[in-house]
Amino acid sequence: MTPIGEFVPRYRPEFWGALSERERLEIAIGAILTQNTNWGNVCVALERLNRAQVLELEKLSKIKLQKLQSLIRSSGYFRQKSRKIKVFAEAALNRGGSLKNWLSGPLEETRNDLLSLWGIGPETADSILLYAVQRPIFVVDAYTLRISRRIGWVRETSYDKLQKFFESHLPKKSFLYAEFHALFVSLAKNHCRTKPLCAGCPIASFCATGLRVMKT
DNA sequence: TACCAGGTCCTCG
DNA sequence: CGAGGACATGGT
């Protein structure tokens, strides 16, 4: 995937340094845009937002709805998502003015604050907390659920149950949570779907090494 | 052509 | 609570 503007996605711990406020915002907006949507479509929208130079809280809160919709059209659900972005930007401005200030408080409280916003559900809230401000909170997505059940680690289907499972079995480290999430995504795109786990199946490999990291 | 993609909200039983 | 439908675009 082509880097967006000057922003090189920081997927790995070795690249984690202090993110700029604009990078944090891009990650947060990306989290909203990618709701039930292919990342490639999101990239196009982020590129347009960058070129229009509106990736700032003040500009996003002031930009005309129709203009915003035209910029993010490629990511789908553009009427809903444009509204979600505005709600998010306005909330940020009302509480500290920067994502760093806003999202650095007590974790539970901050998370509930995000969840109270229209358009921000558990996955989006947790993705923003983990990836934009490196808070230690486990992100659950459709892949996490599907593969965890397939491996036999869980039977639950609820977001909270699954999140608690991982958070109670892993050291409370944001980089580790991010790593697991990244591996689930990667596995989902590569594994074979045969019923029994075949030898050499990446899922079997992940299961073995994953269990080693997890507390029993 | 049909189906899918890293969700969320709303409504109804 | 849990299930079902709506929301929209671009790729295969």
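Because the model is predicted, local features need pLDDT of at least 70 and side-chain atom pairs count only at pLDDT 80 or more, whereas totals for chains, interfaces and linings use all residues.

**Stop 1: chain A as a cartoon**

Color by secondary structure and you'll get 12 helices and zero strands. Helices here are DSSP runs of H or I with at least four residues, strands are E runs of at least two, and both are numbered from the N terminus. Chain A has 216 residues, and 30% of them count as buried. Buried means 20 or more other C-beta atoms within 10 Å of a residue's own, exposed means 12 or fewer, and partly exposed is in between, with C-beta atoms placed from the backbone.

**Stop 2: the two domains**

Now color 13-132 as domain 1 and 142-213 as domain 2; these bounds come from an automatic or database domain assignment. Four residues of domain 1 are in contact with five residues of domain 2, contact being C-beta atoms, placed from the backbone, within 7 Å. On the domain 1 side, the touching residues are four nonpolar, no polar and no charged. For these classes, Ala, Val, Leu, Ile, Met, Phe, Trp, Tyr, Cys and Pro count as nonpolar, Asp, Glu, Lys and Arg as charged, and the others, Gly among them, as polar.

**Stop 3: the largest core**

Select A28, I29 and I128, which have the most contacts inside the largest nonpolar core, a set of 42 residues. Helix α1 (residues 21-33) gives the most to this core, with seven residues. Both domain 1 and domain 2 give residues to the core, so it lies between them. A nonpolar core is a set of buried Ala, Val, Leu, Ile, Met, Phe, Trp, Tyr and Cys residues joined through C-beta atoms within 7 Å. Stay on A28 for a moment: leaving aside its neighbours within four places in sequence, A28 is in contact with F88, L99, I128 and A132.

**Stop 4: DNA strand B**

By class you'll find eight nonpolar, 11 polar and two charged.

**Stop 5**

**Stop 6: two loop residues**

Go back to N36, in the loop between α1 and α2. N36 isn't a glycine, yet has a positive phi of about 50°. N36 is exposed, with 8 other C-beta atoms within 10 Å. Then pick Q53, in the loop between α2 and α3 (57-62). Phi of Q53 is also positive, near 55°, and Q53 is exposed, with 9 other C-beta atoms within 10 Å. Most residues other than glycine have a negative phi.

Key
Residues are numbered from 1 along each chain as its sequence is written. Chains are lettered from A and ligands numbered from 1 in the order in which they are written. Two residues are in contact if their C-beta atoms, placed from the backbone, lie within 7 Å.
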